[in-house]
Amino acid sequence: MQRSDDRILTTHVGSLARPRDLLEAMREKEHGRPYDVDGYAKRVTAAVDEVVREQVSAGIDVVTDGEMSKVSFLTYVKDRLTGFDTGTGEKLMPPSWQVEIDAFPEYYADYLGKYKDQVSPMTTMVCTGPVSYDGHAQLRTDVENLRAAIAAAGPVTEAFLPSTSPSGFGRNEYYPSHGDYLAAVAEALREEYLAIVDAGFLLQVDDPWLIEYLSENPATTPEQRVRDAEQHIEILNHALRGIPQEKIRLHTCYGLNHGPRIHDLAFRDIAPLMLKVNAGAYSFEVANPRHQHEWKIWRDVTLPEGKVLIPGLLGHASNYVEHPELIADTIELYAGIVGKENVIAGADCGFSSRASFHPEVHPTVVWEKFRALAEGARLATERMY
């Protein structure tokens, strides 16, 4: 993993808006209707080429494929894991959301209606048999598309591919315990993790469920929530065994809830557990105004030797374009505590974590946000190096 040794590097979390014609084809595919298979594959390849060129043009150093081939950052695994049924269409809703929905029912009645613009709804997968990995062909295509796009766009500092963590997308109806179920899913996803690193890319594990385990939930106690999070971390680390930590980025966040968020858990209570995941870099929310003040926690939370922070300096729930001066100031705050070589400028979350005709941030605004991030990193570099 490249570090900010002579300048502040820039990256983001992964998901970017899919082009409309790709969304239309993906919608037909997801609903089991006829579609042009070869045309669809070519459009995914072209879309990856387009978004990599845009990232490079905007000044992003560590790029990715925008998850052009995926219906969401999470439920794409329905096409890559055996042992699951699609269930009865139960909406995939994290338990912590209900606390916010109860507090702001009028807001969420409107907000949740926006999800009708998704290519297909995110529904809970049900585990009904032995889990194994069957996504080798899809992943091979992702690797080839990203590799070709980078070759066409020109040199990049580095590239990563996201992969989901074992938690969050499924309900167990087969294994004797939740822990056994998670362990089986993790062992299956390990094949994806290994293949990404073997292909020469950084692996980014998308893990919002780490925070979800710890978040307010009337059905559990605080002690149980910590135990669940620690079990999740232990199982994830087992799936990552043997992979050099410097090849792994962990992304965690408070999920896709673009609401008031007054029940968000303080990041001070999350960071020590996050650091137990055997990764070389940690990506988390900062631009979110509920968490902008939390840079101070790193005065007390020790960043282990050799680790990197990727604070999110671009909001994924707002079309405001962050000012480069603010970005530079925030970079300096983190660098002043953990060291400038241990900071890479990132984003809070993906900008289209679901394939949607109306992502929360307009695609044209995302590119402007990326340019602001690059300019903020340049300003911070001028001040510190």
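This is a predicted model: local features need pLDDT of at least 70, side-chain atom pairs count only at pLDDT 80 or more; totals for chains, interfaces and linings use all residues.

Trainee: Why are α2 and α5 called oblique to each other?

Mentor: The axes of helix α2 (residues 37-58) and helix α5 (residues 136-153) cross at roughly 45° and come within 9 Å. Angles under 35 degrees count as roughly parallel, over 145 as roughly antiparallel, 65 to 115 as roughly perpendicular and the rest as oblique. The two helices are therefore oblique, and their crossing is right-handed.

Trainee: Which residues of α2 and α5 meet?

Mentor: From α2, V44, T45, V48, D49, V52, R53 and V56 meet N145, L146, A149, I150, A152 and A153 of α5; contact means heavy atoms within 4.5 Å. By class, this contact has nine nonpolar, two polar and two charged residues.

Trainee: How does α2 pack with helix α11?

Mentor: Helix α11 (residues 363-384) and α2 pack at about 35°, with axes 8 Å apart. The contact joins V51, E54, Q55 and A58 of α2 to W367, F370, R371 and A374 of α11. These residues divide into five nonpolar, one polar and two charged.

Trainee: Is Q118 buried or exposed?

Mentor: Buried means under 20% relative accessible area, exposed over 50%, and partly exposed in between (1.4 Å probe, protein chains only). Q118 has a relative accessible area of 10%, so Q118 is buried. Q118 is found in the loop between α4 (105-111) and β4 (125-133).

Trainee: What makes the pairing of Q118 and R354 a polar contact?

Mentor: A polar contact is a pair of N or O atoms within 3.5 Å; within protein, one must be able to donate a hydrogen and the other to accept it, and residues adjacent in sequence count only if both atoms are side-chain atoms. The side chains of Q118 and R354 are joined at 3.1 Å. The side chain of Q118 also reaches the backbone oxygen of S120 at 2.9 Å.

Trainee: Why does R27 count as partly exposed?

Mentor: R27, in helix α1 (residues 20-30), has 30% relative accessibility and therefore counts as partly exposed. Not counting residues up to four places away in sequence, R27 touches R33, V119 and F357.

Note on methods. Residues are numbered from 1 along each chain as its sequence is written. Side-chain values use heavy atoms; hydrogens and water are left out. Axes are lines fitted to C-alpha atoms, for helices over the stretch in contact, and angles run from 0 to 180 degrees between N-to-C directions. Helices (H or I, at least four residues) and strands (E, at least two) are DSSP runs, numbered from the N terminus. A crossing is left-handed if the near helix is turned anticlockwise from the far one by less than a right angle, and right-handed if clockwise. Ala, Val, Leu, Ile, Met, Phe, Trp, Tyr, Cys and Pro count as nonpolar, Asp, Glu, Lys and Arg as charged, and the others, Gly among them, as polar.
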